[in-house]
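Hello,

Here is the structure we talked about handing over. Please open it first, then read the notes below.

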Amino acid sequence: MPWLSILMGVPVVGALAVSAVPKGNDKLAKQLTLAVSLVVLALTLVMAFQFDPSGPRDQFSEVYDWIPAFGVHYAVALDGIALVLVALAVVLVPIVVLASWHDADRPEAKRSVKTYFALILVLEAMMIGVFAATDIFLFYVFFEAMLIPMYFMIGSYGGAQRSYAAVKFLLYSLFGGLLMLVAVIALYTVAGKGTFMQPELIGVIKDPTTQKWLFLGFFIAFAVKAPLWPFHTWLPDAAAQAPAGAAVLLVGVLDKVGTYGMLRFCLELFPDAAKFFTPLVITLSVIGIVYGAIVAIGQTDMKRLIAYTSISHFGFITMGVFAMTSDAGAGATLYMVNHGFSTGALFLLAGFLINRRGSQFIADYGGVQKVAPVLAGTFLVAGLSSLSLPGLSTFVSEFLVLIGTYERYIVPTVIALSGMVLAAVYILWMYQRMMNGPTAEKVKGMPDLNLREKFVVAPLIALLIGFGFFPKPLLDVINPAVEQTLTSVQAPPFVPAVPATAEKKGAGQ
């Protein structure tokens, strides 16, 4: 069963079908998009239950010659890390579709409603492909192709500064992509294997200097995509101007390609260079954690505030990746998933508030919980998840990253802890200004979440709470892939992440 080809093909066919919907029948285009995204989600769940964590690393593998003269293949497969990220993408897409039901209806939008929803489906296919690709050239194609639908979603359906934000997003991403293309071609030439297949290139580059230059080519591209400080400046503009649904996919999924690439390509292909640059990357990560949190505190725009919180959170993820310990690696991967859910919920709820009030500025709100208690309550849960409150899923991720990093880098870990304190400041202060206090005049009469919006938020809140108390299903899938990654960089012996270890001890007693 060519699962991955089907998962990519269904949304592409769906996008074509949506594009063919007669003009003016916007409701049908939306319904068709939602149906296709739900079919992709159902197929992914069926595939995921067939994944064997104790089996081979790469499963559901498909390999076909694409450009034989250059050793380029259409090669896709999933390990545990890629599987959970694909699952993140296909879970978020139907939620985004339902949340974006009226995003493209605004008169200032330049393109048709059906185009917006067709772009979402095209983007879904690209997101699945980039996590599944095991041929480096194919990965690069998906890596760049993702830019196209997101560029149009921001540039045509975003806020007042949408053109500036879309161009800035595109230019930064293209700069990183061009560096990676040079590194990909150089890797192919220096390796001399006549192939771009990633598993066959592991351990091939031996020369330390060559490794360092190739590592930098890949790493800078991934750092821009992540975004890691100081390559982050495009994100606040893009996230603030993008429609809420597009912002969710941008920060929740597309940015994870950067941290996934660091884990899958930088560490495995260039292990010696990764070790050489680890002190620098850890330093940049810690700066990003503190910088993102401090700047978030000073924001007056709620969407920019959420974007800066993500810069801080990505610092934790990259720190966990380059700590090269089992707990930190598992925590970083889990953080990628949980950050997508928590930040996705915040962006969607911010979008609901903006649609009601017509403003992104925090000062234009006040006393929302008195008139819209469900909206305020779900916003609080999502915010508490963002600050890693125990009992919510991001706490498990952040705890594993800090524990794993502390094993090797005590001082950076201690400094990074300040990010947790600052997170409480920017989240709770934002909530206090927007939801508490006297009810602002233009907030009076604000409707609470309707039934559609409750269906949008409920799955995300359930996942944040569920994985907060029981992360083991995800860690059981992630741990073996992290083990094999650390083995390829000759890290210390693998020890499963904390929750799984605790369970084994309990069983022994």
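Start with helix α21. Its buried residues are Lys 472, Leu 474, Leu 475, Val 477, Ile 478, Asn 479, Ala 481, Val 482, Thr 485 and Leu 486. Bear in mind that this is a predicted model.

Next, the largest pocket. It holds about 660 Å³ of space. Of its 28 lining residues, Leu 45, Ala 87, Val 91, Phe 467 and Leu 474 are the closest to the centre. Leu 474 is also among the buried residues of α21. Two or more lining residues come from each of α2 (26–48), α3 (80–99), α15 (326–357), α20 (451–469) and α21. The largest share belongs to α3, with nine residues.

Now the strands. β1 (residues 59–67) pairs with β2 in the antiparallel sense, over six bridges. Ile 67 stands opposite Val 72 in β2. Four residues lie between the strands of this hairpin, and Gly 71 takes a positive phi near 70°. β2 (residues 72–78) is largely enclosed by the rest of the structure, because six of its seven residues are buried.

Last, the annotation. An unreviewed UniProt entry places "domain: NADH:quinone oxidoreductase/Mrp antiporter transmembrane" at residues 133–417. In the model, that stretch is 80% helix and 0% strand. Its end C-alpha atoms are 35 Å apart.

Best wishes

Terms used. Residues numbered from 1 in each chain as written. Predicted model: local features only at pLDDT ≥ 70, side-chain atom pairs only at ≥ 80, totals over all residues. Heavy atoms only, no water. Buried < 20%, exposed > 50% of the residue type's maximum accessible area, 1.4 Å probe, protein only. Pairing = 2+ DSSP bridges. UniProt positions renumbered as here; feature names shortened; annotations may be inferred. 1 Å grid on protein atoms, 1.4 Å probe; cavity = no way out; pocket = protein on both sides within 12 Å on 5 of 7 lines; lining within 4 Å. Points joined across faces, edges and corners; volume = space filled by probe spheres on them.
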